[in-house]
Amino acid sequence: MFRSTSVVVALILGATATACADVTVTKVPSNGTSASVTQLVNGKWHVELATTVNDQPTTFTVKGDSDDEIEDILIDADVFAFVNIYVHGATQ
Amino acid sequence: MELIDSDDSTASVFLHVLNTVNDVGSIRVNNVIGTDIGGDVTGLIQCRERLGGADSNLDMTVSGSVLGNLDVSYGAILGLDAVGSLGTSGTPITITTLKKIESIVADEIHAAIETDADVFVQYIETLGVASDGDFMGSLLTKNLTCDGCGAEPAGIVVAGDLLADLTFLVGVFEDITVAGEMTGTLDVAEDLSRFNTISIGGDLTGNVAFGGEVGGTFVIEGDVDSSIAIEMASLPATGVIIVGADLNGDIVMTDTAGLEGFITIGSSPLATTDPWGGDVVVGAYTIGKYYTNPIAQLGGGAVGIVPDWGFHSGDCFPEGSSVCEASSFPDDSTVIISHYGPIDDTVYDDLPIERKPLAGGSWTDITSDFEFSFDAGSPRDLLIDPTTGAWDPGYHYRVTHEEGDLQIPADVLVGESNVDVDAYVYTFCIVP
């Protein structure tokens with residue numbers, strides 16, 4: 001699903017955190033992982049998480065404000081390690 | 001949130017935390033652990049297969065209802081707590097697991113629940129806080145049991161009616177407690193454990209079948225409907241079936257002499273004056289109120305009506321109203337009055353024993369020459385032995401039970417108190 005043709009805007013800020021408007025994604029490790037947060041026309045957020053890290057677990061933490069609505073979270077992890085997802089806070 | 005999806009990822013994707021205010025649609029990852037969903041779950045929850053075959057488990061808390069199916073075909077449900085319902089009466093859901101179901105708690109359940117044939121269900125509860133608390137649908141699993149769960153809850157607790165059909169491919173080793181009626185069927189391939197109880201607060205209108213024994217206690221506080229049967233291979237000495245109101249359907253023990261335990265009928269205030277309407281079948285014999293079949297035919301147990309317990313004349317020694325030859329009745333014999341159910345051996349009054357000459361005369365009280373006792377191995381029986389007296393030939397003997405001299409123990413009754421046995425008179429005579 002992540003490999004769709006839709007345009008994805010990925011904002012990678014530094015080594016450990018990706019922020020986009022009110023919904024943020026923190027990822028560990030920073031290398032070999034990517035996250036994108038896109039606001040859709042309906043105002044909801046589209047989140048895509050990807051990892052190519054094979055030698056250690058990958059952890060994604062998605063956070064939002066109480067008035068944020070996440071439409072979906074799609075994960076692309078064609079690796080053989082664990083991927084841990086945390087969706088914290090008052091996200092809708 | 002509409003979707004969390006790991007699609008065809010090869011990684012083992014664990015959703016450790018999902019904290020939302022409102023509804024969640026579908027979740028498709030490998031393991032769902034520790035979600036706290038503020039609204040409903042409206043779509044499919046699927047714990048996908050993991051490469052290498054490790055378990056893909058579900059542990060989820062929902063503040064609303066679960067309205068989509070749960071596909072845990074590669075693991076276990078470790079916990080599923082829903083403040084709302086699972087499914088709706090119009091749209092029941094399916095819950096499928098490969099491994100055990102440790103705990104499902106919801107306000108009401110409308111679901112077809114099925115585990116693999118080789119695993120068990122530990123605990124299912126409906127709360128009935130904002131609903132009737134019914135359990136509708138079905139449950140299919142190997143055992144209702146607890147595999148070393150210690151103090152964790154185990155069994156099935158239904159706050160309302162049990163309308164679901166329950167199938168256990170082996171046995172029931174935990175309690176089932178239903179506050180309301182049971183209209184679904186219960187099909188158990190083997191036994192109800194000797195240590196457990198099935199308790200139905202209302203009427204029983206669904207068929208019940210055990211391929212083995214009912215070793216524990218089965219309580220129906222209401223009626224057993226005329227259209228149904230409670231079947232089992234046997235009711236062992238530890239087994240008790242309590243029909244609080246009326247037995248209109250049948251109780252069937254397929255084994256020869258399969259009635260070793262007790263069946264009591266009519267101990268609830270809801271019972272009519274003639275509460276035994278259905279058949280009780282033991283092997284080849286069908287018995288009814290005040291049956292005369294001897295103990296050897298049935299297996300040692302009994303079926304009694306509360307409080308009209310009475311004594312089973314043929315099982316007494318000597319038989320009630322019998323004429324005994326002195327040559328076959330030594331004067332120090334133990335007289336046994338055998339009842340249609342157990343009597344409490346801790347609370348009783350001596351029953352007056354009287355005799356009068358066969359040649360005529362008046363009754364003389366000889367109670368003080370005898371002592372009363374009970375046989376722990378035969379709780380139906382009251383034993384009377386001479387002490388300073390003897391069963392002399394040439395007399396009529398009369399033992400008068402006044403209401404309350406003996407009591408039916410509470411553990412074979414609906415309610416928590418003993419019930420007085422109704423009055424009766426037991427007689428015999430000894431000819432020289």
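Two strands are said to pair if DSSP finds at least two bridges between them. Strands themselves (E, at least two residues) and helices (H or I, at least four) are DSSP runs, numbered from the N terminus. With these terms in hand, let us walk through the structure. It is a predicted model, in which local features need pLDDT of at least 70 and side-chain atom pairs count only at pLDDT 80 or more, while totals for chains, interfaces and linings use all residues. Residues are numbered from 1 along each chain as its sequence is written, and chains are lettered from A and ligands numbered from 1 in the order in which they are written.

Five strands of chain B make up an open sheet with mixed pairing, in the order β29-β38-β35-β31-β32. At its edges stand β29 (322–325) and β32 (364–365) of chain B, and each has a single partner strand, so one side of each is left without a neighbour in the sheet. Further in, β31 (residues 353–357) and β35 (residues 395–401) of chain B run antiparallel and are joined by five bridges. You can find B:K356 opposite B:H396 of β35(B).

Now step back to chain B as a whole. Its secondary structure comes to one helix and 38 strands. The radius of gyration, taken over C-alpha atoms, can be set against the globule rule, 2.2 Å times the number of residues to the power 0.38. For chain B the radius is 28 Å, well over the 22 Å that the rule gives for 432 residues, so chain B is more spread out than a compact globule. Its C-alpha trace spans about 100 × 40 × 35 Å along the principal axes.

How is chain B divided into domains? The assignment, which is automatic or from a database, gives domain 1 (3–305) and domain 2 (313–431). The centres of these two domains of chain B, taken over C-alpha atoms, are 44 Å apart. Residues are in contact if their C-beta atoms, placed from the backbone, lie within 7 Å. By this rule, 15 residues of domain 1 of chain B touch 12 residues of domain 2 of chain B. On the domain 1 side, β28(B) gives the largest share, three residues.

Next comes chain A, which has zero helices and seven strands. In chain B, 51% of the 432 residues count as buried.

How confident is the predictor in chain A, and where does pLDDT stay under 50? On the pLDDT scale of confidence in each residue, from 0 to 100, chain A has a mean of 78, and 73% of its residues reach 70 or more. Residues 1–20 of chain A stay under 50. Where pLDDT is low, the predicted coordinates should not be read in detail.

Finally, look at where the chains meet. The contact takes 22 residues from chain B and 26 residues from chain A. On the chain B side, β2(B) brings the largest share, nine residues. Strand pairing also links the chains: β6 (residues 70–76) of chain A and β1(B) pair in the parallel sense over three bridges. There, A:D72 stands opposite B:L3 in β1(B).

Notes
A residue is buried if 20 or more other C-beta atoms lie within 10 Å of its own, exposed if 12 or fewer, and partly exposed in between; C-beta atoms are placed from the backbone. Two residues are in contact if their C-beta atoms, placed from the backbone, lie within 7 Å.
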